[in-house]
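Open the model in your viewer and keep the selection panel at hand. The tour below goes one selection at a time.

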Amino acid sequence: MTPQQGAQQTLLSASDLYCERDDRVLFEGLALSITDGELIQLAGPNGAGKTTLLRLLAGLNRDFEGQLLWHDVPLMTVYPEYAGNRLYMGHLSAVKKSLTALENLRWLTAQDRPSEKQLWEALEHVALAGYEHTPCLQLSAGQQRRVALARLKISRAPLWILDEPFTALDKDGVSWLEGELQAHVSNGGAVIITSHHALEGIPGLRRLELGGVV
Amino acid sequence: MEFSSLAEFIAMGKHGFYVWLSYGLTAVIIAFVVMQPILHRRRLLKEQAQRLRREKRNAPSA
Amino acid sequence: MSLVRATVRRDLLLAARNPGEWANPLMFFLMVAALFPMAVDPNPEFLAKIAGGVIWVAALLATLLSLDSLYRADVEDGSLEQWLASGESLYAMSLGKALVHWCISGLPLTLMSPLLGVMLHLPEEAYFALFISLAVGTPVLSLLGAVGAALTASLRSGGLLLALLILPLYVPVLIFAASAVYHAGIGMAYNGQVAMLGAMLALALALTPFAAGAALKLNLSR
Amino acid sequence: MWQWLVRLYHRLGSPKWFYEMTERWIFWLALAAGGSAIVGLVLGLLYAPADYQQGDSFRIIYIHVPAALLAQSAYMMMAVAGAVYLIWRMKMAAWVAKVIAPVGAAFCLIALLTGAIWGKPTWGTWWVWDARLTSMLMLLFLYFGVMALQQAMESEEASYKAGAILALVGLVNIPIIKYSVEWWNTLHQPATLKLTEKPSMHPDMLWPLLIMIVSTYLFFALVVILRTRNEILWHERKRQWVRKILES
């Protein structure tokens, strides 16, 4: 998976996507491809199908027409491998309120098998040092979001698919996450993101407008 | 004194098993009822002191 | 498999943090069984005859009640999404969930059943049959129920619907288990019934996780 | 007198005052409860004469009856504390109501277990659906209901209110349950052997019982105070005065 110098390779490509929901065509003939070092921001009004497209690209939504390729192979035929190489975070952060920050992060990153030390460091990174053993019930919404985001520090997946990751974050959190995205992209990773937040100054940033025309 | 020897006291006139089972179970439950708040208090004090130290540590940097 | 293992661990931890999760069905079990002597007849000879059946009906209802929440929280907080995103086998995941459910519902029910046996004057010869039938039968209840729970996880009023879906599927287990306890009580052999329960368990272990896994995918909101 | 009561009420409503006052009470309460228990048990187990019918198994009475009495009055106290919280919004009352529930349930369990054990030599069976045991069992269920409800609520305030409402409904229901169970019981098995009913007890039997009852109530007060203090510490943890305790 290490990209050769100069020669960028396409990680994920989609062509001729067609999807409708409740008798409404969300997108038709949509094509998209992402190579390493790129960040694609899906934009568009509410209900334009950003989340639907994101889940479709993540392989969670199979109710569509068109082609999805992971390294030029149909995605569904190599789904377990794909799943190991892309990190998906939805609106819902899968954080259990009665468990502590550490226990939640341990579950979220179970597939990466991090060491105890890595978990603590990741929590420290999201400014949750000292809250490791605090039940998430007692954390604010933003702090709970940070628990979920701490897995970005641990994951080794080259492709990140993030749905509105900036929700509930404060100013420090937003700039931290922007830094993380930038670092990931410049290390040869790729990101597909939906966000109403204006991302700026990230090399390789592309915006994809959805919806508007029905 | 109703009993003339310790053995007689333990035997409780053939009902020893029932009497001592009752008293034993009661002792276990009572011990639990008493120990729980004491242990809880100890844990509470420890956790909160920890939180206080943490807040003090984080306060100057924030 | 690492996420499956982590989920099993997390669910056990959750049960330890929220004792209501396993204690409430247990209390329900006790209460339902206590209703029968009050509604019918507290006469020991009479109770001895119906004890096995009453305990089994109570165990069945208690299991059913605790099933409702099996997948609901995971659907609501996004854990389900993460399972699907992980690419791990949903068969293993639903098997793991069902086994955890048994550990926090069926197992405590089995362990508590002798107490109910005493209260309902179960014949002494029937205790072992009661215990073994619960130990083999309640995992089947958990496994079958997990399918129903997966089907109804994202429905708001899933509880009653779950009961309607699952109760007919519980009938065979109830018939063989209650008959095992009854036959043991009147001093007859009951290994045939227990063998039937064992066969049902083997079948449920092999098949229901597929159905539950498939049903789980339906809960992914769009 | 009235003013004194009002003052006491306001003081009791102040967690800090309660916490500091009870600091001194704990030792004496523990001493009184423990001392009276020792006296009561020595008198009851060693000096009280054996029952002419039941023999020595009747000595279970010295835990069974106090536990049963306490389990019932604890429920009443819990409901009253809940009502005080509902009417005057006194936080302390809510905490007291919350901590009474598990203690009351524990005593209810003791009463049931000792009753069952006592039943074996007396009736020849561990459990009989007798009116007293059955209504005690229902009381245990009521306790569990309150505890489960309090635990299930996510918002603390809601859990106090819900628990208080349920406790009050239960309180009204207790006599109804009791009488209906008795009626049901006479319908099915008239004139069973009673565990405890005795027209007149020998004073040597009676005194230890009275001492044990007092001891149980003292013990209950002690445990409720210990638990309430924990609740206070937890809820007031951000206050200055608790910080001082934590730092010392």
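Select chain C and follow it along the sequence: the pattern reads α-α-α-α-α-α-α-α-α. Chain C has nine helices and zero strands; helices (H or I, at least four residues) and strands (E, at least two) are DSSP runs, numbered from the N terminus.

This is a predicted model, in which local features need pLDDT of at least 70 and side-chain atom pairs count only at pLDDT 80 or more, while totals for chains, interfaces and linings use all residues. Residues are numbered from 1 along each chain as its sequence is written, and chains are lettered from A and ligands numbered from 1 in the order in which they are written.

Stay on chain C and show its C-alpha atoms. Taken along the principal axes, they fill a box of roughly 55 × 30 × 30 Å.

Now colour chain C by burial. Of its 222 residues, 52% count as buried (20 or more other C-beta atoms within 10 Å of the residue's own, with C-beta atoms placed from the backbone).

Next, select chains B and D. Their contact (C-beta atoms, placed from the backbone, within 7 Å) takes 31 residues from chain D and 26 residues from chain B. On the chain D side, helix H2 (15-47), helix H4 (91-123), helix H7 (203-235) and helix H8 (240-247) each supply at least two residues. H4(D) gives the most, with ten residues.

Finally, colour that side of chain D by class: it has 20 nonpolar, four polar and seven charged residues. Ala, Val, Leu, Ile, Met, Phe, Trp, Tyr, Cys and Pro count as nonpolar, Asp, Glu, Lys and Arg as charged, and the others, Gly among them, as polar.

Notes. Two residues are in contact if their C-beta atoms, placed from the backbone, lie within 7 Å. A residue is buried if 20 or more other C-beta atoms lie within 10 Å of its own, exposed if 12 or fewer, and partly exposed in between; C-beta atoms are placed from the backbone.
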